[in-house]
2 protein chains.
Amino acid sequence: MLNNTLAYGLEAVENQLQSIVDSDVQLLADAGLHIISSGGKRLRPQLAILAYLAAGGQDLDVVIPAAAAVEMVHTATLVHDDINDHSLLRRGKITVHAKWGRTFALLAGDYLFTKVYELMAAYPPEYNGIMATACIRLVEGETMQAEAAKAGVMDRETYKTIISRKTASLFEAGARMGSMLADADENTIEALADYAYNLGLTFQIVDDILDIIGDPEEMGKPVGADIAQHRGVMAVQDGVLEEVVAVTAVAEADDPLAQMMARLRESGAVEVARRQAEEMAQRAHAALTAIPESEARQEMVALIDMVLNRQK
Amino acid sequence: MLNNTLAYGLEAVENQLQSIVDSDVQLLADAGLHIISSGGKRLRPQLAILAYLAAGGQDLDVVIPAAAAVEMVHTATLVHDDINDHSLLRRGKITVHAKWGRTFALLAGDYLFTKVYELMAAYPPEYNGIMATACIRLVEGETMQAEAAKAGVMDRETYKTIISRKTASLFEAGARMGSMLADADENTIEALADYAYNLGLTFQIVDDILDIIGDPEEMGKPVGADIAQHRGVMAVQDGVLEEVVAVTAVAEADDPLAQMMARLRESGAVEVARRQAEEMAQRAHAALTAIPESEARQEMVALIDMVLNRQK
């Protein structure tokens, strides 16, 4: 029953994402469809839909544009990230940046961002306020990350702030909007928002871990890309970072990435990060106790394990 | 009387622009304030305010965030344009791109765009729809321009479409929102939107002319920058473009820009463009006849001459 509903919702999101990027400017339509149809876990729209259902929502169609919008925000930032990171592969496909060049990737990212705005425009002001704030936090988080990468300095506090803003805020916004659209009471809204926020933190820490120990073929992108830019999981253990930076400086000519990653794996940083991810997952679990039992809630519990234990 | 009201409105817009870019991520606050406080003609917010007044609006405060938002869209695109154009100077000041580097300029542009969203969020859906559409058209226009520049081919029809989308759409959106906020009737809204749209076309053609014949010191930026990228006024006369492209190819090593611009000045293209600007200005005039006489309407008439005859 829930599986059917969820599948219907995710398919509707997919259709909306694909149709809304259409344009008579063929390059934008092509680049938009390229990145949209390159897959992705669709975690953010799933959260918006599940929050809507867990809060008792009955008409899935009202949450679809908002669910598509949170995925579109994420997609737009991926296109711009790939420019700044010089990434060639994303989800196993060539990046917009690598395929169309920097100028058009910049414009394609802008274009996808305008489509967020189009998807959200029909909702009342409070929804647009939530989405605007999430977008602002996301760009702030990315900027802090780029600053830390440039300075080669990142402490645990900064890392937490970065992943909170760049990832958890948007997870939270999706669940908050979903539950609000179901006319949930304040407690339910806050519980579902809290769940999604902590799931977002869990997701990002695991993502940073996978950048170190993941299988590149399963990941569909090179492993170590984040590390090469002095960011990611190493940040969760302050002392390790200095070591990593030192190794980068020394071993520049001699496959520094492989060395750096080997050192990092041996340093214990991954284990520390893993424990932090588990703690965030526990908080996500705890938040869910405040909402009534339902199939959607069960799925949200399952999602925590999926996020925590994913291999890609 | 009107002058006081307009000055009050523009000062309120200025304050809103400056305060809304604030962030605890200092780099974003600094880069935002840098570009915001580097001046600019503030034509777009002026249009939103004048349309509001010409349509009988009484409480200027309701139009300020929308007026600030149209200027913010423009400002965000300037930051991204300067990345793609490798521009070092803008309004006589160093560009965000030149001062903070490409990565942060990309993020700062994204940040300013999220601030558009924040400024607009409190308005009802139809306003967000108008703004979303204007943003989409703008990015489409910029993309078409970059494509034409890359291909080295631009005909008159394409040029018209580009300036309509990248410039006139946002002018129109400002006036449309301003008149709607004053509860104007349908005819008044369409007349003011039509005026602003044609003023936008006039503005852009004159802008492209100034790129060829303007005084660089008065302009606060190098002259010929647009031409160097095969775009701008040359496009209004199809035949000239081929000639310009041929000149570029031949004279690459020998100050091609100076030669190209001299040829262009002699070709008559500027005069053709000038006549087109005058025609668009006439249309803007004509649109205004449909709305009742007022100080704001007089100011809108004066604005046409100002836009048509500006030297910078």
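# Notebook: a two-chain predicted model

I began just after α8(B), where B:D183 takes a positive phi of about 60 degrees. For my own bookkeeping, helices (H or I, at least four residues) and strands (E, at least two) are DSSP runs, numbered from the N terminus. This is a predicted model, in which local features need pLDDT of at least 70, side-chain atom pairs count only at pLDDT 80 or more, and totals for chains, interfaces and linings use all residues. Residues are numbered from 1 along each chain as its sequence is written, while chains are lettered from A and ligands numbered from 1 in the order in which they are written.

**Entry: helix α8 in chain B**

I checked the length of α8(B), residues 156-181. Its 26 residues should span 38 Å at 1.5 Å a residue, and the 36 Å between its end C-alpha atoms agrees with that. The expected span here is 1.5 Å times one less than the number of residues. I then looked for a bend and found a kink of about 45 degrees centred on B:A168; the bend at a residue is the angle between axes fitted to the seven residues ending there and the seven starting there. I also noted that α8(B) is mostly covered, with 20 of its 26 residues buried. Buried stands for 20 or more other C-beta atoms within 10 Å of the residue's own, exposed for 12 or fewer, and partly exposed for anything in between, with C-beta atoms placed from the backbone.

**Entry: a residue of α8 in chain A**

I picked A:F171, which is found in α8(A). Is A:F171 buried or exposed? It counts as buried, because it has 29 C-beta neighbours inside 10 Å. Beyond four places in sequence, A:F171 is in contact with A:R44, A:L47, A:A196, A:Y197, A:L199 and A:G200, where contact needs C-beta atoms, placed from the backbone, within 7 Å. I also looked up A:A296, 125 residues away along the chain from A:F171, and found their C-alpha atoms separated by 16 Å.

**Entry: helix α7 in chain B**

I ran the length check on α7(B), residues 125-151. Its 27 residues should span 39 Å at 1.5 Å a residue, and its end C-alpha atoms are 39 Å apart, in agreement. I counted 20 of the 27 residues as buried, so I wrote down α7(B) as mostly covered. After α7(B) comes B:G152, with a positive phi near 70 degrees.

**Entry: where the chains meet**

I found 32 residues from chain A and 32 residues from chain B in the contact. On the chain A side, α2, α4, α6 and α7 each supply at least two residues, and α7(A) gives the largest share, 13 residues. That side divides into 19 nonpolar, eight polar and five charged residues. My classes were Ala, Val, Leu, Ile, Met, Phe, Trp, Tyr, Cys and Pro as nonpolar, Asp, Glu, Lys and Arg as charged, and the others, Gly among them, as polar.

**Entry: symmetry**

I laid chain A on chain B with an RMSD of 0.0 Å, by a turn of 180 degrees and a shift of 0.0 Å along the axis. That is the relation of a two-fold axis. The superposition is by least squares on the C-alpha atoms of residues with pLDDT of at least 70 in both copies. In chain A, the C-alpha of A:P124 is nearest the axis, 3.3 Å from it.

**Entry: confidence**

I noted a mean pLDDT of 88 for chain A, with 85% of its residues at 70 or more; pLDDT is the predictor's confidence in each residue, from 0 to 100. The predictor gives the complex an ipTM of 0.89 and a pTM of 0.89.

Technical notes: Contact = placed C-beta atoms within 7 Å.
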